[in-house]
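Welcome! Let us take a friendly walk through one protein chain, starting with the whole and ending with single residues. Keep the picture open while you read.

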Amino acid sequence: MPKRVLTGTVVSDKPEKTVVVRVERRVKHPLYGKIIRLSKKYHAHDEGNVYRLGEQVRIEECAPLSKKKNWTVLERLGAARPADIEIIETAEAETPKAAANRVEVEAKAEKADKAVKAEATAKPAKEEKPAKAEKPAKADKKTEKTATTAKDKPAKAAKSKPVKA
């Protein structure tokens, strides 16, 4: 019977003479029909500790070498890709409080700069026309009605419920 050969990525090289290889496969979901990625990790024998994290390797099935190791590494297919993580260096002496204060000050300065630019580019305001005088007769009637209704109505006495003994 032929030995199975799989291709995967090294996800750990910490054990001595062993690498952990993640093999991904794509399958169609039985109910929804969407193509999904499934992965499985295999422990493979690496005699010279040659293979490193992130490398693409081909592994082959073999007789059990230990409890978990049933695979050996055949060859390297691709080198490890550089990390996509950007490292931002900050001043070591700066405390978290000082960093927060610095960020706040920078934000306020940016807002002030934007406000100054907005005022400089804004069009001059239109001259306002004087407001028309209101008719005094109608205004007086409305105020009298509200004043009289509020004062003339007597306050309702609060009803007290009999206390059960």
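## The chain as a whole

Of the 165 residues in the chain, 12% are buried. Here, buried stands for a relative accessible area under 20%, exposed for over 50%, and partly exposed for anything in between, using a 1.4 Å probe and protein chains only. This is a predicted model, in which local features need pLDDT of at least 70 and side-chain atom pairs count only at pLDDT 80 or more, while totals for chains, interfaces and linings use all residues. Residues are numbered from 1 along each chain as its sequence is written, and side-chain values use heavy atoms, leaving out hydrogens and water.

The chain contains 5 strands and 2 helices. Starting at the N terminus, their order is β-β-β-β-β-α-α. These elements are DSSP runs numbered from the N terminus: helices are H or I with at least four residues, and strands are E with at least two.

The chain exposes about 15400 Å², and carbon and sulfur atoms supply 56% of that area. Accessible areas come from the Shrake-Rupley method with a 1.4 Å probe; for residues, only the protein chains shown count as cover. Now think about contacts, meaning heavy atoms within 4.5 Å. Among contacts between residues at least 6 apart in sequence, 47% join residues at least 24 apart.

## Pairs of opposite charge

Side chains of opposite charge can pair when their charged atoms come close. How many salt bridges does the structure hold? There are 7 salt bridges, each being a side-chain nitrogen of Lys or Arg within 4 Å of a carboxyl oxygen of Asp or Glu.

One of them joins the side chains of Arg4 and Glu61, at 3.5 Å from N to O. This pair links distant parts of the chain, 57 residues apart: Arg4 is in the segment before strand 1 (5-12), and Glu61 is in strand 4 (residues 56-61). Arg4 is partly exposed, with a relative accessible area of 43%, and Glu61 is also partly exposed, at 27%.

Lys17 forms a salt bridge with Glu47, and the closest N and O atoms are 3.2 Å apart. The two residues are 30 residues apart and link distant parts of the chain: Lys17 is in the loop between strand 1 and strand 2 (18-28), and Glu47 is in the loop between strand 3 (35-45) and strand 4. Lys17 counts as partly exposed because its relative accessible area is 34%. Its backbone has something to notice as well: phi of Lys17 is near 60°, a positive value in a residue other than glycine.

Another salt bridge brings together Arg22 and Glu24, at 3.6 Å from N to O. Both are partly exposed, Arg22 at 30% relative accessibility and Glu24 at 41%. Which residues are linked in a network of salt bridges? They are Arg22, Glu24 and Arg37.

## Where strands and loops meet

Thr9 is in strand 1, and it is buried because its relative accessible area is 18%. Not counting residues up to four places away in sequence, Thr9 touches Val20, Val21, Arg22, Gly54, Glu55 and Gln56.

Gly54 sits in the loop between strand 3 and strand 4. Is Gly54 buried or partly exposed? At 25% relative accessibility, Gly54 is partly exposed. The C-alpha atoms of Gly54 and Val11 are separated by 6.1 Å, although the residues are 43 residues apart along the chain. Beyond four places in sequence, Gly54 touches residues including Thr9, Ala79 and Arg81.

Asn49 is in the loop between strand 3 and strand 4. Asn49 is not a glycine, yet it has a positive phi of about 50°. With 23% relative accessibility, Asn49 is partly exposed.

Leu65 lies in the loop between strand 4 and strand 5 (69-78) and is partly exposed at 48% relative accessibility. From C-alpha to C-alpha, Leu65 and Ala44 are 9.3 Å apart in space, and they are 21 residues apart in sequence. Setting aside neighbours within four places in sequence, Leu65 is in contact with His45, Asn70, Trp71 and Thr72.
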